[in-house]
Amino acid sequence: MSSTDLIIRKEDLGTNPTSRVPICLVLDCSPSMSGNPEWGAAVAQSNPTPIEALNDGVEHFFRSLHEDIVAVHAAEVAIIAFSGIAQGIADFQSLSRVDSTPRLMIETNHGGTSLGTALSLALKKLDERKAEYQEAGVDYFQPWIVLLTDGIPTDDTHLAIRADLHKRINSRRLSFFPIGVGQGVDLRVLSDLSPNRPALRLQGLKFNEFFEWLSRSVSRTSQSIPGEEVPLDQDGIKGWGSL
Amino acid sequence: MKAHLKVASGFAAGRSHLHRQRSCEDYAISYRARTQKFACAVLADGAGSKSKSAHGAMVACATAARLLENNGTNILNDPSAAGVSLLHTIQTELRRVADEQGEPYEEYGSTLLFAAIYRQKTTWNAFLGQLGDGVVICRDHCSCRPVFQATNGEFINETVFTTCVHAHRHIQTLLFSGSGSVGFLLASDGVTPSLIDRSTGVTSNACAAIFSWVKKHRQSVINSAIQCNLEGVFRENTFDDVSLAMASYL
C-alpha cells in the first residue's frame, strides 16, 4: 500500500470502555474469624488470624489484578462484609481507580452469621451496577459472587434467597463461588445454594493462593470472546481448596 | 460517470487466538459479478467455544453468497421470507457438512452478516441481513449509520448463532432501493467497538475513512488495505478475531 490515506489512524477508531467483569466479594467478618475460640472460632489460630490472612488475600487479589493489563480495566470489585448484619465496604469501581485495598475488621457489635442478608445485598448491588452499565452503554460479562465464610448461618435468611440464587445460576446470569474456611463451616449449606458448583473448603488459611487463582480466572474471563466457555482452572483449585 | 460496484473483505486472528496458537474463527468473503449487476459481502464469526466454528463460518459465508446471487428475484419479491429461507439453507448445508465429518452440528455455529446489491440500469436494490452480534453500517447521502440492533444476550459473551434452535426468530433483514451511491460495511464484534460508539450508536471516523477509499482506489487496493488495517490497526483494539467486508455502489 503506497497511499497514506489507506492506513486508518488510531484516533479515528471508536473508544468504547473495556467490557466489565463485576465481582462481589462477600466476606465473613464475624467474631469467629478472629481465630479466638472464645469468640466462636472452631480452632484457635493466632499467627496469622483468619481475618489477617483474609486481608492479605484480598490485598493480593487487588495487586494481581492490577498487574494484569486487561483485568485491571475489566474487573470491578465490590466488597460486602458480614456477620449478623451485612454492609458494603467497597463499591464497584474499576481497579485502575483504586489506590488502596479496603481493610476488613472483625464485627464485634453484631455476632452471628447472616448469610442470606449478605447474599441479598450482593445481588442488589450487582443489579444496580448492571443497570448503570446498561445506562452508560458498557458491555459486561456475567457477574460473580465470591462467598467466604467460616461459620454456620445463624438465621434462615439464606433459605429465602435460595430460589433467586438458583434461578440466576441456572440461567447463567450469575457465577457463584462458595468457599468454606476452617472446620466450623457446613459445606452442605453452602453447596445447597450453589446448584452447579459444589462448595469448596479452603486448605488452612490459603487465602493468597485462592485469590491468586481467582485473579487468573478473572483475567481469562475478561479476555474471552462470545460463545466461548471459560472452564475453571481445576488444577489451580488443588493449590488451595478441597471438597 | 459510469457506475461501479466494488467489494472487499478480510479477516485475521485476534490476539487471544494468536497467543493460544489457534486459527481465526471469523470469515468474510466479497464477490462482484462480471456483469456488474450483482455484488455481495458476507461475514460470519464462529462461536468461540465450538471446535468447528471456523469451518462453519466459511460454509455459512459461501452458502449465503451463492444464494444471494442466484435467488435475487425471489429475494426482491419477498425479502422477509428470504432471510429465513437463506438461514434454513445454511443450516441444511451445515448439517450435511457435520454428517460428512462425523461431528455434532452445533459445533459449526457462527453469526451471519450480509449485504447484497442488485443493480438495474440506474437504480439498485440492497438486501441486508444480520444474525447475532457484529454490525452492518450503511453509508448514503454522506452519512454513516448502523442498520440493525445486534441480537445479543444480556452479557457480552452471549449471542445467537446459525445453529441455534431459534435462530430463525432472530435473523433481521432489510430491503431498500435507491439510485445514488451507497455502501455497506460489515464488521465482526471484534471490530465493532472500533467503528461504533456503544452508548450513542454514532459511527467513528474509521467508517468514513474506509468508505472514502471506494472513490479513490481500485477494488484490489481496497482489499489489501482492509487486510492490512485488520492486522495492523483493528487487532490492536481488541483480543477477539477481526473481520470486515464491504460492498458499494458508486
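B:Arg198 and A:Asp139 form a salt bridge in this predicted model. Their closest N and O atoms are 2.5 Å apart. Side chains of opposite charge can pair when their charged atoms come close. The cut-off for a salt bridge is 4 Å between a side-chain nitrogen of Lys or Arg and a carboxyl oxygen of Asp or Glu, so the pair of B:Arg198 and A:Asp139 qualifies at 2.5 Å.

This pair joins chain A to chain B. How many salt bridges cross the interface of chain A and chain B? The rule finds three. Polar contacts link the chains too: 18 residue pairs are counted between chain A and chain B, with both residues at pLDDT 80 or more. Now look at the side of chain A that touches chain B. Its residues divide into 13 nonpolar, 10 polar and eight charged.

Next, step back to the whole contact. Chain A gives 31 residues to it, and chain B gives 41 residues. The size of an interface is often given as the accessible area lost when the parts come together. Here chain A and chain B bury about 3,100 Å² between them. Carbon and sulfur atoms account for 57% of that area.

Salt bridges are counted over all chains as well, and the structure holds 24 of them. One pairs A:Glu128 with A:Lys124, at 3.2 Å from N to O. Where do A:Glu128 and A:Lys124 lie? Both sit in helix α3 of chain A. They are four residues apart, about one turn of the helix.

Stay with helix α3 of chain A, which covers residues 115-136. Its partner here is helix α4 of chain A, residues 157-170. The two axes come within 8 Å and cross at roughly 40°. The crossing of α3(A) and α4(A) is left-handed. Which residues meet there? From α3(A) come A:Leu115, A:Gly116, A:Thr117, A:Leu119, A:Ser120, A:Leu123 and A:Asp127. From α4(A) come A:Thr157, A:His158, A:Ile161, A:Asp164, A:Leu165 and A:Arg168. By class, this contact has five nonpolar, five polar and three charged residues.

Finally, turn to the loops and their backbone angles. A:Arg172 lies in the loop between α4 and β5 (175-181) of chain A. Its phi is near 60°, a positive value in a residue other than glycine. In chain B, look at the loop between β2 (26-32) and β3 (38-45), where B:Gln36 has its place. B:Gln36 is not a glycine either, and its phi is positive, about 65°.

How values were computed: Residues are numbered from 1 along each chain as its sequence is written. Chains are lettered from A and ligands numbered from 1 in the order in which they are written. This is a predicted model: local features need pLDDT of at least 70, side-chain atom pairs count only at pLDDT 80 or more; totals for chains, interfaces and linings use all residues. Side-chain values use heavy atoms; hydrogens and water are left out. Contact means heavy atoms within 4.5 Å. Buried area is the accessible area (1.4 Å probe) that two parts lose on being put together, summed over both. A polar contact is a pair of N or O atoms within 3.5 Å; within protein, one must be able to donate a hydrogen and the other to accept it, and residues adjacent in sequence count only if both atoms are side-chain atoms. Ala, Val, Leu, Ile, Met, Phe, Trp, Tyr, Cys and Pro count as nonpolar, Asp, Glu, Lys and Arg as charged, and the others, Gly among them, as polar. Axes are lines fitted to C-alpha atoms, for helices over the stretch in contact, and angles run from 0 to 180 degrees between N-to-C directions. Helices (H or I, at least four residues) and strands (E, at least two) are DSSP runs, numbered from the N terminus. A crossing is left-handed if the near helix is turned anticlockwise from the far one by less than a right angle, and right-handed if clockwise.
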